[in-house]
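Have a look at the sequence and the fold below. We'll walk through a pocket, some charged pairs and a strand, one at a time.

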Amino acid sequence: MNTLRHLTLAVSLSCATLTSPLAHAGEVEVLHWWTSGGEARAVDTLKQMMQKQGDSWKDFAVAGGAGEAAMTVLKTRAVSGNPPSAAQLKGPDIQEWAEMGFLDDLNDIAEAGGWNDFLPTRVAETMQYDGDYVAVPAGIHRINWLWINPEVFKKAGATPPTNLDEFFAVADKLKAAGVVPIAHGGQNWQDGTIFETLVMAIMGPEGYDKVFVQNDEDAIRSEEMVKVFETFKRIKGYVDPNAAGRDWNLATAMVIEGKAGMQIMGDWAKAEFAAAGKKPGVDYQCVVFPGTESDFIYNIDSLTIFKIKNEANQKAQENLVRTVIDKPFQEVFNLNKGSIPVRTDIALDKFDDCAKQSSRDFQAADKAGRAEPSMAHSMANTSYIQGAIFDVVTNFFNDASADPKKATEQLVAAIQAAQ
Ligand code: BGC
């Protein structure tokens with residue numbers, strides 16, 4: 001090879017290096033709480049996509065379902081002037097962090113990517129502060145599901161319940177068959193997850209909205225709310241004595257292993273079944289929680305970008321945002337996570353029947369005014385109000401002599417004090 005050709009080759013090689021993503025390689029440090037088997041598989045898809053583009057991934061995982069521990073760690077890091085470059089944030093927390101000036105505005109990326117064309121209005125609004133995009137949505141979870149082990153049901157002579165009376169009749173059958181009827185972990189957010197599902201079943205979407213979104217005193221101090229607490233107390237009778245402190249995925253494992261018959265949990269539970277090699281409709285069933293068939297308690301996962309100075313890392317942040325909203329990630333992440341894509345322009349061929357139903361039900365509920373944000377998953381109120389609700393709900397659940405009427409009054413008082 002002559003010298004000129006050598007030179008040309010060298011120049012073109014270095015140009016190739018310059019234009020490859022590696023030339024811009026930066027690092028993203030991502031705070032999240034996706035640490036269970038299924039969750040880890042899902043977040044790994046993002047890590048791999050980022051690495052393929054040449055950016056490096058610094059994992060900042062803080063274990064603890066629903067993210068309470070993660071939020072505490074995030075506050076500490078942010079207060080000390082060293083926030084991670086990206087963090088999983090949800091609902092009104094997004095607006096709070098934006099108001100404090102921590103979050104980068106994503107409008108340029110959103111505009112270039114045409115986000116408004118494919119995001120449902122409800123999702124788009126949740127991602128915005130003052131009309132500006134400040135979060136990128138990853139997927140939509142549904143809370144009001146019941147996860148069933150069909151083998152256990154068959155042995156107990158039970159069929160999936162379609163109303164609350166049937167639900168308790170099934171629980172009795174499971175108990176008589178010697179299995180734990182309801183797999184549960186006694187943690188405030190898991191108690192809250194069941195509680196809000198009962199509010200939906202008993203008070204309907206309008207009542208749910210008044211209680212959790214509007215914090216309407218009359219709706220909280222109502223006969224229906226007393227019935228919610230009474231029903232919640234009945235549930236306790238079907239939970240095993242070792243539930244205290246148990247992580248949600250260990251409760252799901254009880255259903256997977258046939259030690260328990262059912263679990264009330266959002267569809268991240270599906271990711272645990274999938275990670276264990278179980279097939280929907282065969283090894284497990286997803287059934288909408290009885291009495292909430294037309295309703296959808298939603299929980300949107302999203303990532304926010306914190307303001308940082310390093311330019312290469314800023315590029316990596318932008319890459320992260322674009323990757324999360326792009327179709328390939330939306331598909332593979334949600335397939336692994338148990339949720340559904342946030343985009344309306346993604347075919348669901350590869351998704352299972354639970355996801356297809358979730359998608360259909362979300363659209364229908366959204367149109368009919370029956371889609372409501374999850375209180376237990378930080379979609380409905382600030383963490384102060386959520387914490388106040390959790391305290392009343394969890395204390396009630398753990399106190400065998402607690403009175404449903406008194407609990408209703410306590411809920412009114414706690415929410416008022418937190419406002
Ligand atoms: C999050 C889910 C997560 C679940 C359990 C929810 O609040 O939105 O992504 O899988 O908590 O950790």
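What follows is a short tour of this model, starting with how to read it.

This is a predicted model, where local features need pLDDT of at least 70, side-chain atom pairs count only at pLDDT 80 or more, and totals for chains, interfaces and linings use all residues. Residues are numbered from 1 along each chain as its sequence is written, and side-chain values use heavy atoms, with hydrogens and water left out.

**The largest pocket**

A pocket here is an open set of points on a 1 Å grid over the protein atoms alone, where a 1.4 Å probe fits and protein lies on both sides within 12 Å along at least five of seven lines. The largest one holds about 440 Å³ of space, a volume being the space filled by probe spheres set on the points. Its lining has 25 residues, and M71, K75, D93, S383 and Q386 lie nearest the centre. To count as lining, a residue needs an atom within 4 Å of a point.

Which elements give two or more residues to this lining? They are α3 (68–79), α4 (91–99), α10 (188–213) and α18 (383–398). The largest share, 6 residues, comes from α18. Helices (H or I, at least four residues) and strands (E, at least two) are DSSP runs numbered from the N terminus.

Sorted by class, the lining has 12 nonpolar, 7 polar and 6 charged residues. Asp, Glu, Lys and Arg count as charged; Ala, Val, Leu, Ile, Met, Phe, Trp, Tyr, Cys and Pro are nonpolar; the others, Gly among them, are polar. Domain 1 (3–141 + 300–362) and domain 2 (145–297 + 367–418) each give the lining at least three residues, with bounds from an automatic or database domain assignment.

**Charged pairs**

Side chains of opposite charge can pair when their charged atoms come close. A salt bridge is counted when a side-chain nitrogen of Lys or Arg is within 4 Å of a carboxyl oxygen of Asp or Glu. The structure holds 14 of them, including these:

| Salt bridge | Closest N and O atoms |
|---|---|
| R142 and D361 | 2.9 Å |
| D301 and K337 | 3.9 Å |
| K327 and D345 | 4.0 Å |

R142 sits in strand β6 (residues 135–142) and D361 in helix α17 (residues 353–368), so this pair links distant parts of the chain, 219 residues apart. Both R142 and D361 are buried, where buried means under 20% relative accessible area, exposed over 50%, and partly exposed in between (1.4 Å probe, protein chains only).

D301, in strand β11 (residues 296–305), and K337, in helix α16 (residues 327–337), are 36 residues apart. Buried or exposed? D301 counts as buried because its relative accessibility is 3%, and K337 counts as buried at 2%.

K327 lies in helix α16 and D345 in the loop between α16 and α17, so their pair ties together parts that are 18 residues apart in sequence. K327 is partly exposed at 41% relative accessibility, and D345 is partly exposed at 32%. Elsewhere, salt bridges that share partners join E217, R221 and E409 into one network.

**A strand with two partners**

Last stop: strand β7 (residues 145–148). W145 and W147 point one way from β7, L146 and I148 point the other way, and all are buried. Strands pair if DSSP finds at least two bridges between them. β7 runs antiparallel to strand β10 (residues 285–288), joined by 4 bridges, and W145 stands opposite V288 there. With strand β9 (residues 260–264), β7 pairs in the antiparallel sense over 3 bridges. What is the bridge partner of L146 in β9? That partner is I264.
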